[in-house]
Protein chains: 2
Amino acid sequence: MKIRIALSLAALGLVSVIASAQEALHLRPDVFSPQINDDLTVTFRLNAPKAQEVLLEGDFPGGNSQQMHKDASGVWTLTTAEPLPGELYSYAFRVDSLRITDPANVYTMRDISTLFSLLLIEEGGSKDYAIGDVPHGSLTKTWYHSDSEGVDRRLTVYTPAGYEQSGDLRYPVLYLLHGMGGDENAWAELGRASQILDNMIARGEVEPMIVVMPNGNIDLQSAPGESKDGMYVPTTKLPRTMDGHFEAAFPEIVSHVDRTYRTKTDKASRAIAGLSMGGMHSMVISREYPEMFDYVGLFSAAVRPIYATRHEVYRDDEKKLRKQFENAPKLYWIAIGEDDFLYGENVAFREALDKAGYPYEYFESAGGHQWRNWRAYLRLFLPRLFR
Amino acid sequence: MKIRIALSLAALGLVSVIASAQEALHLRPDVFSPQINDDLTVTFRLNAPKAQEVLLEGDFPGGNSQQMHKDASGVWTLTTAEPLPGELYSYAFRVDSLRITDPANVYTMRDISTLFSLLLIEEGGSKDYAIGDVPHGSLTKTWYHSDSEGVDRRLTVYTPAGYEQSGDLRYPVLYLLHGMGGDENAWAELGRASQILDNMIARGEVEPMIVVMPNGNIDLQSAPGESKDGMYVPTTKLPRTMDGHFEAAFPEIVSHVDRTYRTKTDKASRAIAGLSMGGMHSMVISREYPEMFDYVGLFSAAVRPIYATRHEVYRDDEKKLRKQFENAPKLYWIAIGEDDFLYGENVAFREALDKAGYPYEYFESAGGHQWRNWRAYLRLFLPRLFR
């Protein structure tokens with residue numbers, strides 16, 4: 001105990017980590033990528049001296065299979081021709097036809113069975129996708145018991161900053177549903193829901209609320225790799241997403257949430273919204289339980305009626321919708337992009353609503369069936385809730 | 001509203017996703033990898049027809065830079081010569097010297113600034129690293145305010161299954177600390193802490209407990225990419241890990257946890273443990289606040305004394321340790337691998353404890369400074385707590 005030796009970084013593990021072939025850690029990527037330049041152009045780099053061809057595939061303007069160029073040291077580089085508009089982008093490299101994420105970028109996201117590298121340009125509305133210097137809510141991965149399915153199923157729950165310190169204060173609840181191929185992580189990860197809520201609540205534009213993100217694939221307990229089914233390839237599971245059972249059993253989730261969190265339980269304090277299949281779920285659930293939600297958001301929703309023979313929640317849709325609108329929801333909000341493949345059926349749905357005289361609000365954006373739209377719709381929808 | 005059209009998968013988004021060049025989703029990887037065979041050998045595959053050489057780099061027996069072989073279709077394959085022992089392994093491919101994760105495997109983990117593909121062989125103790133068919137606790141990413149640093153900082157908190165339904169029941173708390181280069185996500189991700197706790201609690205081997213995983217880098221609010229510093233390269237941040245401030249301010253965390261969760265607040269209901277640097281933190285914190293913890297776990301800990309001039313928490317270490325042991329902790333548990341680069345200083349530390357007559361328990365494993373040891377130590381440490 002008498003020995004006094006300076007404790008260097010080495011003594012605490014960094015050097016051992018470098019030296020351990022078994023762990024094979026690279027402490028610093030060999031190139032810097034992506035580099036967001038001052039003018040908001042972006043430079044991508046990949047160190048692959050032996051590659052014959054490297055393409056950049058990104059979902060930003062001009063990012064569609066761009067040839068990268070190799071310098072004398074074997075580093076492939078591409079700088080975008082134009083500054084990138086503010087957005088959360090995804091990209092990959094294609095190296096001699098092999099698709100890879102950017103080895104220099106640890107920030108990735110999974111969409112179904114594909115990983116993408118991430119790039120966030122903070123400009124305009126997309127600043128809300130960044131983690132702000134604001135009070136942060138908590139994000140919980142938790143489980144509820146589904147009596148109807150006889151299993152535990154997972155929920156992602158956002159509670160706003162101050163929830164833990166606010167004593168008996170009760171909060172309104174938004175149920176936020178993912179699309180096909182998604183899961184209870186989708187809105188928190190691809191949708192940046194926590195960041196959007198933290199930032200907009202901090203500015204006073206959005207009421208502090210609880211946001212509950214269930215798994216809409218009733219055959220799955222939870223996201224791929226996070227269930228007893230182990231680390232399977234995500235596409236191999238059939239999730240029974242459209243057999244009506246998820247929608248029919250939705251009160252189980254509401255009931256669990258009301259027992260577990262300090263919620264307001266009146267209709268005026270409940271909202272439901274979803275994208276694509278989750279929009280369909282939101283439409284069906286809110287009309288099946290017309291006393292439950294005063295706010296409904298259909299983002300690029302699949303609104304074409306389903307064969308009524310499938311499940312009773314799909315039957316008598318007109319009658320149920322009439323009842324829902326007799327109960328006068330405070331907001332029935334429909335949003336879709338002009339290039340969305342579901343645009344046509346949304347036109348038909350709105351015509352039917354118009355014909356029946358049911359009030360709704362409509363927002364049409366550019367673009368198609370994309371997360372950038374759904375994030376933007378969330379930013380538009382949230383300030384309308386609970387005020 | 002009269003139109004009845006079968007809602008196909010296509011109508012709900014899958015086809016649009018395939019068709020969208022912008023989103024560039026691959027719904028199914030072009031090869032199956034990794035494939036765990038019935039005999040627990042593993043087959044790795046990579047579809048890279050134009051590559052000249054592909055190596056497999058895995059941290060399993062025989063996984064060190066193994067040459068893969070290309071078949072006529074351009075798929076590189078390797079099957080391990082031997083069944084793999086139960087373990088959570090990480091691996092990568094090296095394609096003509098370019099290191100990549102396995103494109104067919106969406107399960108990855110980040111260690112500092114490197115991503116690895118994951119492979120879990122469920123056999124023996126490593127079954128506890130899988131998500132069992134058992135009740136699951138909740139895992140929350142939440143924030144506390146650090147008065148000492150003047151910022152909000154993040155915690156990962158595990159609450160055991162039943163916590164939300166157990167009324168006024170109070171729980172003991174384990175504070176579980178990461179090593180250098182880690183963060184508040186490390187134990188939950190690389191350490192599989194949730195899975196281990198869920199499984200061992202379900203078997204009745206471990207008391208239901210709250211586990212709090214703070215960020216031990218006092219200069220960082222939270223893990224890379226999850227703070228206002230944005231998506232930086234993890235190694236570019238200097239985390240001020242050894243200036244004493246994290247240890248000195250630790251009661252802030254305990255106090256926040258006791259205010260926020262239904263904790264038992266007596267010494268017999270508090271444990272602290274950590275790996276490497278986190279073991280050093282656990283040693284320093286538990287002797288600085290000798291009334292706080294009855295259980296101390298030093299996993300591959302950096303136990304060599306630090307220059308006392310750095311911070312007062314490093315001063316008078318012998319005196320403080322004497323006070324700690326006068327308070328008779330129920331368990332002072334030291335574990336290390338025989339190949340660990342910190343082995344020598346652990347020998348010296350134990351000799352000092354022996355000389356002073358301070359009781360401790362010691363566990364020595366094979367191997368070195370590795371997560372496989374820290375997961376194993378956690379499985380050994382947990383059943384000793386709070387009983």
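**A walk through the predicted model**

Helix α5(B) contributes three residues to the lining of the largest pocket, the most of any element.

The largest pocket holds about 590 Å³ of space. Its lining is made up of 19 residues, and those nearest the centre are A:Tyr163, A:Thr260, B:Tyr163, B:Thr260 and B:Tyr261. Two or more lining residues come from each of β11 (138-146) of chain A, β11 (138-146) of chain B and α5 (250-260) of chain B. By class, the lining has four nonpolar, nine polar and six charged residues.

B:His369 sits in the loop between β18 (361-365) and α9 (371-381) of chain B. With a relative accessible area of 11%, B:His369 is under the 20% limit and so counts as buried.

Strands β9 (residues 108-111) and β10 (residues 114-121) of chain B pair in the antiparallel sense over four bridges. In this pairing, B:Met109 stands opposite B:Phe116 of β10(B). Two residues lie between the strands, and in this hairpin B:Ile112 takes a positive phi near 60°.

In chain A, helix α9 (residues 371-381) is largely enclosed by the rest of the structure, because eight of its 11 residues are buried. Among the buried residues of α9(A) are A:Trp371, A:Trp374, A:Tyr377 and A:Phe381. These aromatic residues also belong to a cluster linked by ring pairs, together with A:Trp187, A:Phe299, A:Trp333 and A:Phe363.

Aromatic pairs occur elsewhere too; over all chains, the whole structure has 48 of them. One is formed by A:Phe299 and A:Trp333, whose ring centres are 5.7 Å apart and whose planes meet at 80°, so the pair is edge-to-face. This pair links distant parts of the chain, since A:Phe299 is in strand β16 (residues 295-299) of chain A and A:Trp333 is in strand β17 (residues 331-337) of chain A, 34 residues apart. A:Phe299 is buried at 0% relative accessibility, and A:Trp333 is buried at 4%.

B:Tyr91 counts as buried at 1% relative accessibility, and B:Phe93 counts as buried at 0%.

Conventions
Residues are numbered from 1 along each chain as its sequence is written. Chains are lettered from A and ligands numbered from 1 in the order in which they are written. This is a predicted model: local features need pLDDT of at least 70, side-chain atom pairs count only at pLDDT 80 or more; totals for chains, interfaces and linings use all residues. Side-chain values use heavy atoms; hydrogens and water are left out. On a 1 Å grid over the protein atoms alone, a cavity is a set of points where a 1.4 Å probe fits but cannot get out, and a pocket is an open set with protein on both sides within 12 Å along at least five of seven lines; lining residues have an atom within 4 Å of a point. Grid points are joined across faces, edges and corners, and a volume is the space filled by probe spheres set on the points. Ala, Val, Leu, Ile, Met, Phe, Trp, Tyr, Cys and Pro count as nonpolar, Asp, Glu, Lys and Arg as charged, and the others, Gly among them, as polar. Buried means under 20% relative accessible area, exposed over 50%, partly exposed in between (1.4 Å probe, protein chains only). Two strands pair if DSSP finds at least two bridges between them. Rings of Phe, Tyr and Trp (its six-membered ring) pair if their centres lie within 6.5 Å; planes under 30 degrees apart count as stacked, over 60 as edge-to-face and the rest as tilted.
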